[in-house]
Each structure stands twice: as structure tokens, then as C-alpha cells.
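Welcome! Please take a moment with the sequence and the 3D view before reading on.

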Amino acid sequence: MSKLSRRKILGYGAVFGIIAAGGTFVIPKLAPAHPVLRPPGALKEKKFLATCIKCGQCLQVCPYHSVKLMDINHGLSMGAPVITPEKRGCYLCDLLPCVLSCPSGALDHKISDGRDVMMGKAEISAPDRCLAVIGTPVNAADVDAVLAGKPMITEVEIKLAEKLKGCAGGQCRICVDFCPYPDRDLAIGITEYGAGLVPEIKEKCVGCGVCEELCPTKVITTVPLR
């Protein structure tokens, strides 16, 4: 064995020794620092992270490109699937292909319908800026801003963009009209608020994040399950 090889081995051993000795300090935590929105059917967070094999199959089958993988900034959670609703919510696709594709069961195979999903809960964070409340119609610039940078590759994405563009000029009901929950009247509605109207988050809201994604004035936030 050459001197160089011995030096490499000794060097690697020293590095591993340091890591082993101080592992509790240098190894990042498994769970993210803040709650995140997981794909439909996700197990409770700790069990989800322990079960997910980070294969990316749920990402591959999502027709809306809603599912992304956490990056290196998330430590040992890197590679776990996440949904970022301000960029793209979950559209609760028929039969939930992301769940069907999960080989490990981190996405519970017993969940096959949007009614059974529970990802989080939507909240109206700033009702006084809501277009429905202030009586301001949706304009084309609002729609363009919502669509900016979003994928328009699949047929469902193209149809979504076309439908959203059709809202320009009308009273804003985007959060209600685009809610993907199968019985959407049980998840979100419109109610009186002062002299105007405001969205009302109802009991069956599953926190899919679509209303947050598409809201022109960003007055809706999605609170993930904790």
C-alpha cells in the first residue's frame, strides 16, 4: 500500500472520528424547522420521514408539478416530498396518483379520495385586502402575476391557466371556483363582510393550498398539519 493511500485512510478515519464524537452537534435534525405541507395521504410527520424512501415517484406522477423535493438546506429531510402552496397547490387529482405511486407507504394507500385527505387548513390572513371585500374586479395583470413562472406543460395545467385568464374582468371568486375539494361548498364559500363579501373557510377544508396559490392579493395562507 502506498504512503498516499495510508494518508488517505488515516485522513478519512480522523474525519469519521470527529463526526462520530460530535455527531449530536453536526448532524442536522431530521424534521424541518417549521411545519411543511406534505402530499396527500402523508403519515404524521415523524413517521412520514421515517418511512419515506425519497424515491421521487410522487413527484414524477403529479400532473400539476405540485410536488417538489426538499433541498440540501433541509438537512436530513433533503429529498422528502413537499408542496409549496404559494407556488403550486395540490389539486386532489382523481385516485390521488401520488399516493398510488408511493412504494413505502409514507403516503397512506388507504387514502384514495380527496375527501379523506388532511394536509392542513386555509386561513384568511388579510380580509381587508381581498378583492371580493373591496369590490375590485380581477384584472388581467392580477392573473398574469399569479401565472408567472408556473409550469404550463400538461393538459390540466394549460386548462387551469385558460380558466384563470377567463376570470379577468369579473368579481373575484377564484378561491371558491377553483377549490378542488370534491364537495367544495363544504370546504369554502362566500359570506358577507361589511359592505362586501369574503371567502369563508369551512370545516371540510383539507389545506390543499390551491386558494393560496391562485389568490391575486395573497390574502390566504395554508397552515400545514403539525
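Residues are numbered from 1 along each chain as its sequence is written, and side-chain values use heavy atoms, with hydrogens and water left out.

**Confidence.** The predictor's confidence in each residue, pLDDT, runs from 0 to 100. The protein chain averages 87, and 85% of the residues score at least 70. Over residues 1–28, pLDDT stays under 50. Where pLDDT is low, the predicted coordinates should not be read in detail.

**Helix H7.** Helices (H or I, at least four residues) and strands (E, at least two) are DSSP runs, numbered from the N terminus. H7 spans residues 140–147, and Asp-142, Val-143, Val-146 and Leu-147 are buried there; buried means under 20% relative accessible area, exposed over 50%, and partly exposed in between, with a 1.4 Å probe and protein chains only. At the start of H7, a side-chain oxygen of Asn-139 comes to within 3.0 Å of the backbone nitrogen of Ala-141. Just after the helix, Gly-149 has a positive phi of about 80°.

| Helix | Residues |
|---|---|
| H6 | 131–134 |
| H8 | 155–165 |
| H10 | 210–214 |

**The core.** A nonpolar core is a set of buried Ala, Val, Leu, Ile, Met, Phe, Trp, Tyr and Cys residues joined through side-chain atoms within 4.5 Å. The largest one has 60 residues, and Leu-164 is among those with the most contacts inside it. H7 and H8 are among the elements that each supply at least two residues of this core. Leaving aside neighbours within four places in sequence, Leu-164 is in contact (heavy atoms within 4.5 Å) with residues including Val-143, Val-146 and Leu-147.

**The hairpin.** Strands E4 (residues 188–193) and E5 (residues 196–201) pair in the antiparallel sense over six bridges. Two residues separate them in a hairpin, and Gly-194 in the turn has a positive phi of about 65°.

**A buried threonine.** Thr-222 lies in strand E6 and counts as buried because its relative accessibility is 11%.

Notes. Polar contact = N/O pair within 3.5 Å; in protein donor to acceptor, adjacent residues only side chain to side chain. Pairing = 2+ DSSP bridges.
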